[in-house]
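Here is a friendly walk through one model, with the helix packing and a few backbone details picked out. Please have your viewer open as you read.

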Amino acid sequence: RWAGYGYSISEFEIWNLPQAPKPTLGLLPKPVSLTEDGGQPFVLHGNTRIVTSGAGAQAPADHLARLLRTATGYRVRVAAHGDGPSPIFVSVGPGKGPAGHEEEGYTLKVTSGSVTIEAATANGALNAVQTLRQLLPQWVPAGGTPSVPAVTITDYPRFAYRGVMLDVARSFYPVADVKRYIDTAAQYKINRLHLHLTDDQGWRIAMDTPADNPAGIDYGLLTRVSGATAMTRDANGNLMGTELGHTGFYTKADYTEIVRYAGENGMVVVPEIDLPGHTNAALHAIPQLNTAGALPRPAAGQTTVPANGTGAVGYSSLDSASPATYEFAEQVLTQLARLTPGPYLHIGGDEAHSTGHADYTKMVDAFTQDVAGLGKTVMGWNEYSSTALPKDKAIVQYWNGDKAQVSRAVAERGAEVVLSPASNAYVPQRQDPRQPQGGTWACGGVCGLDRHYGWDPGAFLPGVAESSVHGVESALWGEWIRGIRQAEYWNYPRVIATAEVGWTPQDQRDYQDFKERLSVAGGRLTVAKVNFFPTADVPWR
Ligand code: TNX
């Protein structure tokens, strides 16, 4: 019973599938080195065993076993010793995998008698697991035998950070949908999940009220009040489409489950609390934040500003003169840091258009110091590169605007950069002229797959060497997007382009070749029921 790799479909659908496609080497992202060895293929069978060596091999072996069991119905057991025919070896430990690429590199050798995965780390072995999934055919009809071509692969990423962002603030995604989002992206070796948890329209992460609470803030209000709001109107105040607000929030247990599930898939969660602008949801929930310098100002007799369900940006701000601002931000960042095992905390810092520069700087300097004090690496959108970033421990996420200012932060503050240029990595931008919705500002029209593929992160910022580029991220802003089905439609296949931009050496990248490999992935996405956009210039098969 065959059901695609890691997903189930009904028997009815299996009967209706056409001829089994040949196994394909259409790997995405393209590996650093691949040799087709020409021998007999490896055939998966009912008693296939995964044999581990080294403690780090357990998690990737278990992950592979789960994926293969779901796809095949075979038992696929994981064991420390191999008896029985044709095992899959997963071996993890120092000295394994390609030298100099310990973090995420791997080797994968397939012969008729065995599959051998070797890596220095569990994440390296997980990358090999994703490659192995793609070497299997998209599906096999009932009674068919799944096989893997004989190959030798040595592979490692160009950049450490290959991210996707999900804007859960404008429109909420339940935990199950976030998991689906992870499943799809992980196949392409995306290894960071950036959650935009707060914005003007909603606050999506539960916070506790601490004992030490001088401003007397009820932190539960954040989600009781602003977990129930969402974006429902466009920037002009017109009601949006047929599917309106998706509201909700993550409990701390929900968030922890997302972190765990992401980790199982080789992904680190990057949580963002957007400060000091994009804070209407916090202002709406917490009366103590609505002091004289906060924006928008409450009307006379009002203690909180009304929730703003529109997609307007840049109108809200915390008050730089109020002690409650700093107490609140420190409390929220501290609780989030405790929940987050990964190294990053993102403080936003974007589009504080209604805040004066001195006020902006004063607040952002305090927030970046908070994060440094919590032992985390601070991230922020490129606007915050104008502030005194913690030395050698800050990441600037570039989206738009002043490139020279970012280059200065790299030279003077030792910052690294994550690149999400709107014209090359913003998926809410239109991907086809026939799309009725979506942004057009970043590309002066359509930001198609070619734009998302055709750029070089190593040469993007003048004066910034490749060694200062931490990586790339595809950003899904939520103004137009409601629910996981629509999110997939905007993300795919463009996220796969970003995955290859972040992984494959620049001199091995070619758009024609990418589209050929992508055309085969269409079948895989279809079997997995990923609602991808059938980009016009890809010869989907
Ligand atoms: C700008 S990009 C924003 C977001 C919007 C996005 C798309 C960035 C750091 N801020 O608030 O969602 O444009 O309209």
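## Where to start

Is Lys529 buried, partly exposed or exposed? Lys529 is partly exposed, because 15 other C-beta atoms lie within 10 Å. Here a residue is buried if 20 or more other C-beta atoms lie within 10 Å of its own, exposed if 12 or fewer, and partly exposed in between, with C-beta atoms placed from the backbone.

Before going on, a word on the ground rules. Residues are numbered from 1 along each chain as its sequence is written. This is a predicted model, in which local features need pLDDT of at least 70 and side-chain atom pairs count only at pLDDT 80 or more, while totals for chains, interfaces and linings use all residues.

## The end of the chain after H15

Lys529 sits in the segment after H15. Helices (H or I, at least four residues) and strands (E, at least two) are DSSP runs, numbered from the N terminus. The phi of Lys529 is near 60°, a positive value in a residue other than glycine.

Ala528 is also found in the segment after helix H15 (511-527). Ala528 is buried, because 20 other C-beta atoms lie within 10 Å. Between Ala528 and Thr184 there are 344 residues in sequence, yet their C-alpha atoms are 8.6 Å apart in space.

## Helix H13 and its buried face

Helix H13 covers residues 483-491, and its buried residues are Ile484, Ala487, Glu488, Trp490 and Asn491. Viewed down the axis of H13, these residues fall within an arc of 165°, so they line one face of the helix. The arc is that of the directions from the helix axis to the C-beta atoms. As a reminder, an α-helix has 3.6 residues a turn, so residues three or four places apart point the same way.

What do the buried residues of H13 pack against? Their partners are helix H4 (175-186), strand S17 (469-476) and helix H14 (494-503). Contact here means that the C-beta atoms of two residues, placed from the backbone, lie within 7 Å.

## H4 and its two helix partners

H4 packs with H13 at an angle of about 25°, their axes being 10 Å apart. Axes are lines fitted to C-alpha atoms, for helices over the stretch in contact, and angles run from 0 to 180 degrees between N-to-C directions. H4 is therefore roughly parallel to H13; angles under 35 degrees count as roughly parallel, over 145 as roughly antiparallel, 65 to 115 as roughly perpendicular and the rest as oblique. On the H4 side the contact involves Asp177, Arg180, Tyr181 and Thr184, and on the H13 side Ile484, Ala487 and Glu488. By class, this contact of H4 with H13 has three nonpolar, one polar and three charged residues. Ala, Val, Leu, Ile, Met, Phe, Trp, Tyr, Cys and Pro count as nonpolar, Asp, Glu, Lys and Arg as charged, and the others, Gly among them, as polar.

H4 also packs with helix H6 (residues 252-264), at an angle of about 15° and with the axes 10 Å apart. That makes H4 roughly parallel to H6. Val175, Val178, Lys179 and Ile182 of H4 meet Asp254, Glu257, Ile258, Tyr261 and Ala262 of H6. This contact of H4 with H6 has six nonpolar, no polar and three charged residues.

## Two buried strand residues

Gly471 is in strand S17, and counts as buried because it has 25 C-beta neighbours inside 10 Å. Beyond its neighbours within four places in sequence, Gly471 is in contact with Phe159, Ala160, Tyr161, Arg162, Gly163, Val418 and Gly502.

Met379 belongs to strand S14 (residues 377-381). Met379 counts as buried, with 28 C-beta neighbours inside 10 Å. Apart from neighbours within four places in sequence, Met379 is in contact with Val270, Tyr344, His346, Ile395 and Gln397.

## Backbone details worth a look

Most residues other than glycine have a negative phi, and most peptide bonds are trans. The peptide bond joining Leu28 and Pro29 is cis, with omega about -5°, and Pro29 lies in the loop between helix H1 (11-15) and strand S1 (33-36).

Another cis peptide bond runs from Leu275 to Pro276, with omega near -10°. Pro276 is in the loop between strand S12 (268-275) and helix H7 (280-285), and His278 is placed in the loop between S12 and H7. The phi of His278 is near 55°, a positive value in a residue other than glycine. His278 is buried, with 27 other C-beta atoms within 10 Å.
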